[in-house]
Amino acid sequence: MTGDQVAIGVDIGGTKIALALVDRRGNRIAEQVLPTRPDDGPDAALDQIAQAVEALRAGAPGPVAGVGIGSPGHVDPESGIVHYAVNLGWTDVPLRDGVRQRLGGELPVWVHKDTNAAALGELYFGAAQGCKDFVYLAIGTGLGGAAVAGGRLVTGLNAYAMEVGHLALYSEGRVCRCGLHGCAEAYVSGVGLVAGVRELAPAYPHSTLAAQSDTVTTHAILAAFERGDPLAAAVMDQAAETLGMVMGACASLLNPARFILGGGLGHAAARFWIERAGAVFRRRVLPAARDGVTVVESTVSSSAAGASALVWHAQMESESSAPLHE
């Protein structure tokens with residue numbers, strides 16, 4: 001193979017594992033999607049990933065520089081261990097070393113939490129190009145975050161930085177899946193919207209959603225919101241207020257130049273979040289924390305392509321004599 005270097009990105013989700021062979025510009029050359037099958041255990045997932053990586057590598061037009069893997073849960077990029085991923089049922093899984101061993105130890109492998117990988121994808125290929133200070137927020141089943149400051153990922157002492165979904169904002173609020181009360185994720189997420197409908201339904205007896213509160217989906221909530229349903233509007237407003245509070249906290253702490261909103265629910269209602277939550281954010285911070293700040297939608301459509309950016313970021317860090325942990 002004599003072509004330019006390429007990378008392989010892997011994004012592990014609760015229901016699927018997405019893989020892509022990606023060039024330095026973020027172009028996807030080949031892709032694969034596999035079922036996660038969490039009930040089969042982590043070893044089966046690692047086997048699947050390694051086999052799919054080998055298949056993509058075999059068809060690569062140039063040398064493969066490495067593999068970048070984004071995983072949900074508490075991920076330690078130094079050890080490559082996923083300490084806890086509730087949706088996968090994983091505890092202390094050696095993701096990096098397990099995949100690398102299955103590949104014969106030939107390819108370098110980098111592992112980060114999925115939102116960190118997505119943020120780097122935006123930095124290299126997407127809405128954060130040319131921006132060294134930004135916050136990425138993923139609104140999906142839950143609420144995740146990542147931050148880049150001065151061109152570097154913010155990771156923290158235990159690689160637990162930017163777990164914004166578990167900012168406990170309401171002392172008497174809903175019980176979150178994590179056990180805390182009033183977490184942001186309990187309001188602005190798929191789980192949060194459904195909980196909002198069930199909580200507020202008695203106040204809106206004529207809403208079409210009230211009658212289906214026990215079985216309601218986020219799709220139904222968004223559709224009702226578009227129709228002007230008052231219960232859906234109240235739930236969405238509550239979510240936007242919460243997201244704006246999260247953004248305000250991030251702005252006061254990190255002073256980013258840009259907020260990038262991604263995730264399935266983030267894309268599904270992008271204009272609403274940008275306008276409504278953006279207005280809440282600007283109302284809750286001092287001028288110095290909001291002047292010049294933009295709120296935009298994510299532009300990297302492939303989570304696997306985003307994960308591939310871990311490889312290019314590692315190379316850039318190595319060249320600056322501060323290597324990303326392999």
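The model is predicted. The salt bridges number 13, and the aromatic pairs number four. Selected cases follow, grouped by topic.

- Strand β6 spans residues 81-85, and strand β7 spans residues 90-94.
- The two strands pair in the antiparallel sense, over four bridges.
- Ile81 stands opposite Pro94, a residue of β7.
- Four residues separate β6 from β7 in this hairpin.
- Gly89 sits in the turn, with a positive phi of about 75°.

**Gly144 in strand β10**

- Strand β10 covers residues 143-149 and contains Gly144.
- Is Gly144 buried or exposed? Gly144 counts as buried because its relative accessibility is 17%, and the cut-off for buried is under 20%.
- Beyond its neighbours within four places in sequence, Gly144 is in contact with Thr115, Tyr136, Leu137, Ala138 and Val164.
- Pro72 lies 72 residues from Gly144 along the chain, yet their C-alpha atoms are separated by 9.5 Å.

**Salt bridges**

- Glu31 and Arg28 meet through their side chains in a salt bridge, at 3.2 Å from N to O.
- Both partners are partly exposed: Glu31 has 48% relative accessibility, and Arg28 has a relative accessible area of 40%.
- Arg96 and Asp97 also meet in a salt bridge, at 3.0 Å from N to O.
- In that pair Arg96 counts as buried, at 10% relative accessibility, whereas Asp97 is partly exposed at 31%.
- Which residue forms a salt bridge with Arg174? The partner is Glu199, and the closest N and O atoms are 3.0 Å apart.
- Arg174 lies in the loop between β11 (152-153) and α4 (190-200), while Glu199 belongs to helix α4, so this pair ties together parts that are 25 residues apart in sequence.
- Arg174 is buried, with 10% relative accessibility, whereas Glu199 is partly exposed, with a relative accessible area of 42%.
- Asp43, Asp47 and Arg102 are joined in a network of salt bridges.

**Aromatic pairs**

- The count of aromatic pairs is four.
- Why is the pair of Phe259 and Phe281 edge-to-face? The ring planes of Phe259 and Phe281 stand at 70°, with the centres 5.2 Å apart, so the pair is edge-to-face; the cut-off for that class is over 60 degrees.
- Phe259 is in strand β12 (residues 258-262) and Phe281 is in helix α8 (residues 270-283), so their pair ties together parts that are 22 residues apart in sequence.
- Phe259 and Phe281 are both buried.
- Phe272 and Trp273 have ring centres 5.1 Å apart and planes at 65°, so this pair is edge-to-face.
- Phe272 and Trp273 are each buried.
- Which residues do ring pairs link into a cluster? The cluster consists of Phe225, Phe272 and Trp273.

Definitions and conventions. Residues numbered from 1 in each chain as written. Predicted model: local features only at pLDDT ≥ 70, side-chain atom pairs only at ≥ 80, totals over all residues. Heavy atoms only, no water. Pairing = 2+ DSSP bridges. Buried < 20%, exposed > 50% of the residue type's maximum accessible area, 1.4 Å probe, protein only. Contact = heavy atoms within 4.5 Å. Salt bridge = Lys/Arg side-chain N within 4 Å of Asp/Glu carboxyl O. Phe/Tyr/Trp six-rings, centres within 6.5 Å; stacked < 30°, edge-to-face > 60°.
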